[in-house]
Amino acid sequence: MKCPHCREGNLFLYKNPFNLKKFDKMPEFCTVCNQSFFPEVGFYYGAMYMSYMLSIAIVVPIFFLWWLIFGFELIPMLTVISFTLIILKPVVYRYSRMLWIYITVPFDKEGKNKSV
């Protein structure tokens, strides 16, 4: 959860993703290299695709494990999957944003753009 440009500044203001009042708070710029974490309006709409892929990566193993252990019981299976996704929502939210900005912002290997 570091800046995609310098890999030193924190991407989120608070480290605990389960503090539900503050789990989504991000600084506008990196405190180390001054990289914008909001390059354009609506930038993080693409993170929804990342969130979808991460959610599928969580649901598929749970589905098959439940199916192998308990058989195909629809209501309990949906309950467990829904509960798991609700509990992990802050973590998925953070990782989807992190992955999206890591895809779009290049890493500065030489560290030329440090503003400190």
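Tyr-44 is a buried residue, with a relative accessible area of 9%. The structure described here is a predicted model. Within this model, Tyr-44 pairs edge-to-face with the ring of Phe-43 and likewise with that of Phe-38. The briefing begins with these rings and then turns to the helices, the cysteines and the charged side chains.

**Aromatic rings**

- The count of aromatic pairs comes to eight.
- The ring centres of Phe-38 and Tyr-44 lie 5.6 Å apart, and because their planes stand at 80 degrees, the pair is classed as edge-to-face.
- For Phe-43 and Tyr-44 the ring centres are 4.8 Å apart and the planes also stand at 80 degrees, so this pair is edge-to-face as well.
- Phe-43 is buried, at 10% relative accessibility, whereas Phe-38 is partly exposed, at 34%.
- A cluster is formed by Phe-63, Phe-64, Trp-67 and Phe-72, which are linked through ring pairs.

**Helix contact**

- Helix H1 spans residues 47-70 and helix H2 spans residues 74-104.
- The axes of H1 and H2 come within 7 Å and cross at roughly 145 degrees.
- The crossing of H1 and H2 is right-handed.
- Sorted by class, the residues in the contact of H1 with H2 are 19 nonpolar, four polar and two charged.

**Cysteines**

- The model has zero disulfides.
- The cut-off explains both results, because a disulfide requires the two sulfur atoms to lie within 2.5 Å.
- Cys-3 is buried, at 0% relative accessibility, and Cys-6 is buried as well, at 8%.

**Charged side chains**

- Side chains of opposite charge can pair when their charged atoms come close.
- The count of salt bridges in this model comes to one.
- That salt bridge joins the side chains of Asp-24 and Lys-25, with a distance of 4.0 Å from N to O.
- Both partners are partly exposed: Asp-24 has a relative accessibility of 30%, and Lys-25 has a relative accessible area of 38%.

Conventions: Residues numbered from 1 in each chain as written. Predicted model: local features only at pLDDT ≥ 70, side-chain atom pairs only at ≥ 80, totals over all residues. Heavy atoms only, no water. Buried < 20%, exposed > 50% of the residue type's maximum accessible area, 1.4 Å probe, protein only. Axes fitted to C-alpha atoms, helices over the stretch in contact; angles between N-to-C directions. Helix = DSSP H or I, 4+ residues; strand = E, 2+ residues; numbered from the N terminus. Left-handed = near helix turned anticlockwise from the far one by under 90°. Nonpolar A, V, L, I, M, F, W, Y, C, P; charged D, E, K, R; others polar. Phe/Tyr/Trp six-rings, centres within 6.5 Å; stacked < 30°, edge-to-face > 60°.
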